[in-house]
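Colleague: I would like a close look at a single part of this model. Please keep to what can be computed from the atoms.

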Amino acid sequence: MIEFPLSAPEPAAGRVDITAHSAQDAPLRELAQKFETAFLSEMLRHTGLGKMPDGFNGGAGEARFSGFLIEAYAKDLTRSGQIGLADRIYQDLASRAAK
């Protein structure tokens, strides 16, 4: 089973902390982070993360709350900056906005 830390670690060496920038950049950075979180949530969902082993049936509540768990993991991964997708998306959006 894949386990993630409950709190986001510091940004990896060489990564930019995408939360530490000017207020002018905030809307694009927030959009980039939301996209990365959505992407990672979908990828984690397809790995089977959050599924309980056969024989345990938590019903509709289990399905609903496993989605919250997956989203929390995705947010932690995004905040950690270890994937770097939000950085790339922000750079692309910023370069398009500057044109």
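Which residues of α1 are buried?

Modeller: First, the basis. This is a predicted model in which local features need pLDDT of at least 70 and side-chain atom pairs count only at pLDDT 80 or more, while totals for chains, interfaces and linings use all residues. Numbering starts from 1 along each chain as its sequence is written, and side-chain values use heavy atoms, with hydrogens and water left out.

The protein chain has three helices and zero strands, in the order α-α-α from the N terminus. Helices here are DSSP runs (H or I, at least four residues), strands are runs of E of at least two, and both are numbered from the N terminus. Helix α1 covers residues 26-47, which is 22 residues. Its first and last C-alpha atoms are 31 Å apart, close to the 32 Å expected at 1.5 Å a residue; the expected span is 1.5 Å times one less than the number of residues. Just after α1, Gly 48 has a positive phi of about 95°.

The buried residues of α1 are Arg 29, Ala 32, Gln 33, Glu 36, Thr 37, Leu 40, Ser 41 and Leu 44. Buried means under 20% relative accessible area, exposed means over 50%, and partly exposed lies in between (1.4 Å probe, protein chains only). For the protein chain as a whole, 26% of the 99 residues count as buried.

The charged end of Arg 29 sits over the ring of Tyr 90, 3.5 Å from the ring centre. The rule asks for NZ of Lys or CZ of Arg within 6 Å of the ring centre and within 35 degrees of the ring normal. Glu 36 and Ile 83 are 47 residues apart in sequence but 8.8 Å apart in space, C-alpha to C-alpha. Ile 83 lies in the loop between α2 (59-80) and α3 and is partly exposed at 41% relative accessibility. On sequence separation in general, 86% of the contacts in the protein chain between residues at least 6 apart join residues at least 24 apart, a contact being heavy atoms within 4.5 Å.

The whole structure has five. In one of them, the closest N and O atoms of Glu 30 and Lys 34 are 3.3 Å apart; both residues lie in α1, four residues apart, about one turn of the helix. Glu 30 is partly exposed at 43% relative accessibility, and Lys 34 is exposed at 54%.

Arg 96 is exposed, with a relative accessible area of 56%, whereas Asp 92 is partly exposed at 36%.

Technical notes
Salt bridge = Lys/Arg side-chain N within 4 Å of Asp/Glu carboxyl O.
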